[in-house]
Amino acid sequence: MEKLTPKKIVRELDKYIIGQSSAKRSVAIALRNRWRRQQVDEPLREEISPNNIILIGSTGVGKTEISRRLATLVNAPFVKVEASKFTEVGYVGRDVESMIRDLIEVSVKQVRSESEAKVIGKALRNANERILEILFPTGEKESISEEAINRQDRTRKKMKDRLENGDFESRIIKIKAKSKSMPMLQVMGPLGMDDMSSNIQDMLSSVMPSKKKTQRMKVSEAREIFSEEEAEKLIDMDDVIRVAIDRVEQSGFIFLDEIDKIAGQGGGSSPDVSREGVQRDILPIVEGSTVSTKYGQVKTDHILFIAAGAFHVSKPSDLIPELQGRFPIRVELDNLSQSDFVKILTKPKNALLKQYEALLQAEGVTLEFNKDAINEIAKIATELNDTMENIGARRLHTVLTSLLDDILFDLPDKKITEISINKKMVQEKLSNLSEDEDLRRYIL
Ligand SMILES: Nc1ncnc2c1ncn2[C@@H]1O[C@H](COP(=O)(O)OP(=O)(O)OP(=O)(O)O)[C@@H](O)[C@H]1O
Ligand SMILES: [Mg+2]
């Protein structure tokens, strides 16, 4: 995180997301501020609250994509949740506190695998010792002569070298291990208390004797099981949980997608009432409260929230005022232009055209789009967005699937090794579609 400067974050996002520089900027600043805050001494540190953000932009302009990329970038606990999934406490469905429970779960996993990485060397050595013991059990030492013991030690040393050398990898051995196929035990807790039921589940599975069964398997497989068991012994789970909770409290962040779906449109009809209820439930979490999870109490005061929504029907001002106040930074994402589309098709690391090229490569076919063809695709997508619903970059998906439909179907039966798409081909394949209004509606 120390090296993740705002500029660097933006640069990384640039690899996947075209345009939207103001959104990238504010997200980068907010993330960096987490780190900056941690350099501040108490008691001031406690006072600095995160700059929660609302990203506003029509559908398909990159809101969710930004969050997805952020997640891979920062080594902080992160979850993405859909605001529309939540229901008011007391109703059937997920209550809002579950996002904190999910976040702590992510954090525990993260810290755990970091600790695992630290002990894996030792765990592997221990696992190898156990395998060696199965392959060449140490005999009774008392009854044999010293010379025999020495000889035994020498053989063992040799065998150990060979084992480490990988000579016995596919040898079948018998080991005692926890049987993996524990019958899943489902506990239904009272509605809306999914944490409680998972607690009960945990409790039961620790009470239930974990049956160890003798199994036959290859040395290589046994090593995996043993090293996992050994790693478990070497890791102090209490420590992991302590670090995990601290990380959530200090640097966790939550992407609250589809927040516009819970913004009521005034009125008093029942769905609006419950939407407002969800907002009221979210409020304390954003504002800072303590949520109890199965790992312990988690304070949410410094968790960063990045919310996003299209706000087609509702507006940010339709959110309850208290919640609005907790998201001081509003960023509007731009609608995407034709030249943005050209870049989206070609530039990102995972660009659509690159994806299709790779797919056809699997059939041994080189797919190529010339520049005019790409421009034409972008132009048609823009026109379609203008005349029909504006679905942003998602339009490129539908245009491309129609364009490549025949090619994707005919391969590999058609014996060719190269396909080069030019402007004329794009027009021929798509123009009759884009002229016929009815057909267009269905296909593109
Ligand atoms: N600015 C962009 N740069 C690159 N690709 C983009 C961009 N905007 C959208 N895309 C592409 O379009 C797809 C949809 O975008 P995304 O999921 O981010 O939409 P959204 O803004 O979250 O829309 P919604 O409001 O419907 O959730 C992404 O998977 C991505 O491939
Ligand atoms: Mg989205």
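Me: How many nonpolar, polar and charged residues does the shell around ligand 1 have?
Reply: This is a predicted model, and the classes are counted in that model. Around ligand 1 there are 18 residues. Sorted by class, they comprise seven nonpolar, eight polar and three charged residues.

Me: Which helix gives the most residues to the shell around ligand 1?
Reply: The residues that come nearest to ligand 1 are Thr59, Gly62, Thr64, Glu65 and Ala393. The helix that gives the most to the shell spans residues 63-73 and contributes three residues. The element asked for is helix 4.

Me: What is the order of the strands in the open sheet of five strands?
Reply: The strands of this open sheet pair in the parallel sense. At its edges are strand 2 (78-82) and strand 9 (329-332), each of which pairs on one side only. From one strand to the next, the twist averages 20°. Read across the sheet, the order is 2-5-8-1-9.

Me: Which residue of strand 8 stands opposite Phe253?
Reply: Strand 5 (residues 253-257) is paired with strand 8 (residues 304-309) over four bridges, and the sense is parallel. In general, the strands of a sheet pair through backbone hydrogen bonds. The residue opposite Phe253 is Leu304.

Me: What angle does helix 5 make with strand 2?
Reply: Helix 5 (residues 98-135) packs on the sheet, where it touches strand 2 and strand 5. Its direction and that of strand 2 make an angle of about 150°.

Me: Is the crossing of helix 1 and helix 2 left-handed or right-handed?
Reply: The axes of helix 1 (residues 6-14) and helix 2 (residues 21-39) come within 8 Å and cross at roughly 135°. Helix 1 is therefore oblique to helix 2. As for its hand, the crossing of helix 1 and helix 2 is right-handed.

Me: How many nonpolar, polar and charged residues make the contact of helix 1 with helix 2?
Reply: Helix 1 brings Pro6, Ile9, Val10 and Leu13 to the contact. These meet Lys24, Arg25, Ala28, Ile29, Leu31 and Arg32 of helix 2. The residues of this contact divide into seven nonpolar, no polar and three charged.

Me: How many charged residues does the contact of helix 14 with helix 15 have?
Reply: On helix 14 the contact is made by Ile377, Ile380, Ala381, Leu384 and Asn385. On helix 15 it is made by Arg395, Leu396, Val399, Leu400 and Leu403. By class there are eight nonpolar residues and one polar residue, and the charged residues number one.

Me: Which residue does a cis peptide bond join to Leu411?
Reply: Most peptide bonds are trans. Here the bond is cis, with omega about 0°.

Me: What is the phi of Gln20?
Reply: Gln20 is in the loop between helix 1 and helix 2. Most residues other than glycine have a negative phi. Gln20, by contrast, has a positive phi, near 55°.

Definitions and conventions:
Residues numbered from 1 in each chain as written. Chains lettered and ligands numbered in written order. Predicted model: local features only at pLDDT ≥ 70, side-chain atom pairs only at ≥ 80, totals over all residues. Near = placed C-beta within 6 Å. Helix = DSSP H or I, 4+ residues; strand = E, 2+ residues; numbered from the N terminus. Nonpolar A, V, L, I, M, F, W, Y, C, P; charged D, E, K, R; others polar. Pairing = 2+ DSSP bridges. Axes fitted to C-alpha atoms, helices over the stretch in contact; angles between N-to-C directions. Contact = placed C-beta atoms within 7 Å. Parallel < 35°, antiparallel > 145°, perpendicular 65-115°, else oblique. Left-handed = near helix turned anticlockwise from the far one by under 90°.
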